[in-house]
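Subject: Structure handover

Hello,

Here is the structure I promised to pass on. Please open it first, then read the notes below it.

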Amino acid sequence: MFAKWIAALAMVVTTVLLPSSARAEWHEGNSPNFVVYADQSARDVQEFTEQLELYRSAMLKMLNVPDYELGPSNRVSIYVVGSISDVRKLYGDRRSAVAGFYQSRAGASLAVIPRVKMSNVGEPDFSQTVLLHEYAHHFMFINFPGSFPLWFTEGFAEFFGSARFEKGKTVKLGYPAFHRTLDLAYAKDVPIDLLLDTEAYSKKTSNLYDSFYARSWGLYHYLTYGEDRQGQFGSYLSAFGANPDGLAAAESAFGDLEKLDKDIDRYLRSPRLGYTEYDAKDLNPLPAKVRKMTEGEGAIMPLKVQSKRGVTEEQAKELVVEVRSVAERFPNDPFVLASLAEAEVDAGNNDAAIAAADRALAIDPSQMDALIQKGYALARIAEDEDTAEAWHNVRAQFVSANRVDPNNPIALRYFYESFVKAGEEVPEPAIRGLKMALELAPFAYEIRQMVAVQQLKDGDRKAAIATLQPFAFVPHNTKVADHYRSIINRLKAGEDVEITPYEPEEEDEEGGEDDGEDS
């Protein structure tokens, strides 16, 4: 299992900073792995982009991960809004305690956090810690798409999310998570057996404040730096990979769990805890370039964030009116027109969406958002008409998107799905494309279940089980995990099972196409 930590893919992140009060100067920062949109100074944008580049480079080095490029479509959009209040408004619950949230979506992953105060020295502000935590989740999902228990995924994010940056371009990974000090001291204790057993924890826990995050970080940190536990991390991951039973794997690797619990307490009381420091010259983080954005791009950004987060039917009808108003002011800006196409899709106006996308593509044929939004509109029309010509139009559109970026998982998914929905035999190239989409977006459970359905249809039950296994331990959403765990258990028992996507209830967190989480 531990070998899965060797083969990996790189990540490109899009970051948008939205202040609480608008200013006139929007800038775009570009590096090989990040693009930052900000209504801030060019200097701030450059520093922020380079700091993220440094963080990512340090993670690659520490985890011995080779660097790969996934292409521009597989970027994570990180929206840094004005305040925690703005975060909660976008989250959809102003009374929530959420300080930032992340949604993993094929070709459209995003995170939203409060405004980051740029500083190269010492303790980062809480919004930066949230950002680093959420990016660590995405980094893990992309690079290590295996099956891991919940404590491990959260311990990983806490371990890396507590990074510190210093002047002179250095980064410290594994720095003590001082933001969890109060959790360790005052939060409801999580017994070691519940900490290690994801399924049991999900059944017995509640929404009460507990020490799960803090204890997960403590165990991860202890297994990384604790001299008396060296080698046990690899043994644990191997045992869990062979049999995803959290307690059995822990007992096999760690021995007496009560002793482990006491050892964690003893370790956390140490006067000094270890961390790993890297200098930029040893990481080779690449510099950022900054450009001033157009007036139209800046004007549409606050509305675009709302669209990307996701809107209800009622919200979509209100938002599209505002987007149209901006598009009337900037009728020749392809970025604005692509945003209009998305707003029209959200509002259910297929013909208007196609018209807006065509206007954008006439100016910039490589405008990916316009290509994808037009594909969504054509797919809706095809579902209504259900004719061979309509489905041909869908395929042609997503082939066009694939030509612009062969690594766009949305195009690969919808090309495959067009044959299924048309009731036609799926050709082998489309099946290969779907499997490639899963490699590009291993966190996307709708794509994952499509691949599993195809594998089951091909008679490979074992492969279908393996494909579904990672989502038996999906973080932050125990209902998704329970749904897939039930399907996996029935497949293992030899039952005839229909593999269906999880359908959230109304009170569930809004997660878009794929899983959502908050911190």
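Salt bridges come first. The count is 30 salt bridges, where a salt bridge is a side-chain nitrogen of Lys or Arg within 4 Å of a carboxyl oxygen of Asp or Glu. This is a predicted model, with local features needing pLDDT of at least 70 and side-chain atom pairs pLDDT 80 or more, while totals for chains, interfaces and linings use all residues. Residues are numbered from 1 along each chain as its sequence is written, and side-chain values use heavy atoms, without hydrogens and water.

Helices here are DSSP runs of H or I with at least four residues, strands are runs of E with at least two, and both are numbered from the N terminus. Arg 215 has 7% relative accessibility, so it counts as buried. Buried means under 20% relative accessible area, exposed means over 50%, and partly exposed lies in between (1.4 Å probe, protein chains only).

Now look at helix H19 (residues 409-421). Arg 413 and Glu 417 meet there in a salt bridge of 3.4 Å, N to O. They are four residues apart, so about one helical turn separates them. Both Arg 413 and Glu 417 are buried. Glu 417 also meets Lys 421 in a salt bridge, at 3.8 Å from N to O. Lys 421 is partly exposed, because its relative accessibility is 40%.

Next, strand S6 (residues 110-114). Is S6 mostly covered or exposed? It is mostly covered, with five of its five residues buried. Leu 110, Val 112 and Pro 114 lie on one side, and Ala 111 and Ile 113 on the other. In a regular strand, side chains alternate between the two faces of the sheet.

Which strands pair with S6? Strand S4 (residues 75-81) pairs with S6 in the parallel sense over five bridges. Ile 78 stands opposite Ala 111 in S6. Strand S5 (residues 101-103) pairs with S6 in the antiparallel sense over three bridges. Pairing requires that DSSP finds at least two bridges between two strands. Gln 103 stands opposite Leu 110. S5 and S6 form a hairpin with six residues between them, and Gly 107 in the turn has a positive phi of about 70°.

Best wishes
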